[in-house]
Amino acid sequence: DVSATGGTAGKLLFKSPDGKWSMGLKGRIQARVISQKDDAPNIDSNTDLDTESGVNFSTPRVRLGFEGQAGAENVKYKLEWDMSTTGTLNATAATTGAPAFNLRHAFVDWGFENGMSLRFGQSKFPFGRDETISSGNIALMDRSLASNRFAPAYEPMAMFSGTGTSGEYEYPAAVSNGARHSRRTDQPSRRWTAARRRRPSVPRG
């Protein structure tokens, strides 16, 4: 038997009667319209040289996923896909761009009583504060240029993390395959990190 509750804003939650299994469905869309006008005069009135002018519509983020508990309160899972217009339909393992339809999160997380947790699967690599906050909670529409250029983003990995006794700091340590966005690579390069950082005032992604 499965019961359905309202969950939270933007998420429908299904639960088993004993509360040990749950699945919350959620999604979000970020749309963008850019109107651009080139003020440079045309050399030939019969030729339209205003190639930069016009209106562009895009969806930088289209996310659909579900998450919940898997048999116990301390065992959680998450699956999330991205279907934004920033990807390319013909992206392959050899290309640098992410495919138009790609898997972002796919992990299982075991929590322990001391506040530590162990995560296996694909998730966001813990690289920099700007990258670890969910795009649904960041203050601006986009992350910084440095984060977009250097952050590994989503990778298959194993991560051990937790917080201190006061909860003010977090301590992530992770190792990944270095492939980015669920792509396989013929030249594997392991990526390692360990950090101590102060927790932000918004939820992590």
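Tryptophan 110 sits in strand 6, which spans residues 102-111, in what is a predicted model. With a relative accessibility of 36%, tryptophan 110 counts as partly exposed. Together with Phe112, Phe120 and Phe160, Trp110 makes a nonpolar surface patch of about 400 Å².

In one of them, phenylalanine 66 and tryptophan 81 are tilted, at 6.1 Å centre to centre and with 45 degrees between the planes. This pair links distant parts of the chain, as phenylalanine 66 belongs to strand 4 (residues 54-69) and tryptophan 81 to strand 5, 15 residues apart. Phenylalanine 66 is partly exposed at 24% relative accessibility, and tryptophan 81 is likewise partly exposed, with a relative accessible area of 24%.

The ring of tryptophan 110 returns here with phenylalanine 120: the centres are 6.2 Å apart and the planes stand at 75 degrees, so the pair is edge-to-face. Here too distant parts of the chain are linked, with tryptophan 110 in strand 6 and phenylalanine 120 in strand 7 (residues 117-124), 10 residues apart. Phenylalanine 120 has a relative accessible area of 43% and is therefore partly exposed. Elsewhere, ring pairs join Phe66, Tyr77 and Trp81 into a cluster.

As for confidence, the chain averages a pLDDT of 76, and 71% of the residues score at least 70. The pLDDT is below 50 over residues 47-51, a stretch with eight contacts beyond near neighbours in sequence. Residues 88-96 also have a pLDDT below 50, and this stretch has 12 such contacts in the model.

Note on methods. Residues are numbered from 1 along each chain as its sequence is written. This is a predicted model: local features need pLDDT of at least 70, side-chain atom pairs count only at pLDDT 80 or more; totals for chains, interfaces and linings use all residues. Side-chain values use heavy atoms; hydrogens and water are left out. pLDDT is the predictor's confidence in each residue, from 0 to 100. Contact means heavy atoms within 4.5 Å. Patches are made of residues with over 30% relative accessible area and no salt bridge: like charges are joined within 9 Å, nonpolar side chains (Val, Leu, Ile, Met, Phe, Trp, Tyr) within 5 Å. Accessible areas come from the Shrake-Rupley method with a 1.4 Å probe; for residues, only the protein chains shown count as cover. A salt bridge is a side-chain nitrogen of Lys or Arg within 4 Å of a carboxyl oxygen of Asp or Glu. Helices (H or I, at least four residues) and strands (E, at least two) are DSSP runs, numbered from the N terminus. Buried means under 20% relative accessible area, exposed over 50%, partly exposed in between (1.4 Å probe, protein chains only). Rings of Phe, Tyr and Trp (its six-membered ring) pair if their centres lie within 6.5 Å; planes under 30 degrees apart count as stacked, over 60 as edge-to-face and the rest as tilted.
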